[in-house]
Amino acid sequence: MRCPFCGSEDSQVKDSRPAEDGAAIRRRRICPDCGGRFTTFERVQLRELMVLKKTGRKAPFDREKLMRSFEIALRKRPVERERIERAVSGIVRRLESSGESEIASEEIGLQVLEALKALDDVAFVRYASVYRDFSHAEDFEKVMAELSAKIARDPGA
């Protein structure tokens, strides 16, 4: 594993342990050249996924980009990192086991919306405002009405 600090081709594993409920292995590494310490994650990849963008362009699926989307929507919200990791891992598992090698970006966006709705209502509205391209206050009001109806049906939500 290449060192992210000095670019050295060599690094030593100092500690390995299961992560994400056993779906990944977390490795603490140290660079023998510069002494830099960093963490890597090893995950099973069932197939190489490509994302089909709205423009028709294709791009390799990037788990880290998906994770960043969650982190941005959940910024300053009281949601544990472990729950975010589980949500992201669940989406990746569903995409990989769908049997498709090309996934429409809209499908990924819908899965993110669904996961955020279960994690945090504020994060859901934040993500929806970008994903659904809100341009008027009425757009927010519609989503808030949907959430209010959900809360009225299920007070424990």
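## Lys 76 and the loop between H1 and H2

Lys 76 lies in the loop that links H1 to H2; helices (H or I, at least four residues) and strands (E, at least two) are DSSP runs, numbered from the N terminus. The model is predicted, and local features need pLDDT of at least 70, side-chain atom pairs count only at pLDDT 80 or more, while totals for chains, interfaces and linings use all residues. Residues are numbered from 1 along each chain as its sequence is written, and side-chain values use heavy atoms, with hydrogens and water left out.

The phi of Lys 76 is near 65°, a positive value in a residue other than glycine. Most residues other than glycine have a negative phi. Lys 76 has a relative accessible area of 80% and is therefore exposed; buried means under 20% relative accessible area, exposed over 50%, and partly exposed in between (1.4 Å probe, protein chains only).

## Overall architecture

The chain contains 5 helices and 6 strands. Read from the N terminus, its elements follow the order β-β-β-β-β-α-α-β-α-α-α. Of the 157 residues in the chain, 36% are buried. Among contacts between residues at least 6 apart in sequence, 43% join residues at least 24 apart, where contact means heavy atoms within 4.5 Å.

## The largest nonpolar core

The largest nonpolar core has 29 residues, of which Phe 61, Leu 66, Phe 70, Leu 74, Ile 108, Val 112 and Leu 116 touch the most other members. Such a core is a set of buried Ala, Val, Leu, Ile, Met, Phe, Trp, Tyr and Cys residues joined through side-chain atoms within 4.5 Å. At least two residues of this core come from each of helix H1 (63-73), helix H2 (81-96), helix H3 (105-119) and helix H4 (121-131).

Leaving aside neighbours within four places in sequence, Phe 61 contacts Leu 49, Met 50, Val 51, Leu 66, Val 92, Leu 95 and Ile 108.

## Packing of H1 against H3

H1 and H3 pack at an angle of about 40°, and their axes are 11 Å apart. Axes are lines fitted to C-alpha atoms, for helices over the stretch in contact, and angles run from 0 to 180 degrees between N-to-C directions. The two helices are therefore oblique to each other; angles under 35 degrees count as roughly parallel, over 145 as roughly antiparallel, 65 to 115 as roughly perpendicular and the rest as oblique.

From H1, Leu 66, Phe 70 and Ala 73 meet Ile 108, Val 112, Ala 115, Leu 116 and Leu 119 of H3. By class, this contact comprises 8 nonpolar, no polar and no charged residues. Ala, Val, Leu, Ile, Met, Phe, Trp, Tyr, Cys and Pro count as nonpolar, Asp, Glu, Lys and Arg as charged, and the others, Gly among them, as polar.

## Packing of H3 against H4

The axes of H3 and H4 come within 8 Å and cross at roughly 160°. H3 is therefore roughly antiparallel to H4. The contact of H3 with H4 has 9 nonpolar, 1 polar and 3 charged residues.

Glu 85 belongs to helix H2 and is buried, with a relative accessible area of 14%. Not counting residues up to four places away in sequence, Glu 85 touches Glu 20, Arg 43, Arg 63 and Met 67.

Arg 94 is also found in helix H2. With a relative accessibility of 42%, Arg 94 counts as partly exposed. Arg 94 and Gln 111 are 17 residues apart in sequence and 9.4 Å apart in space, C-alpha to C-alpha.
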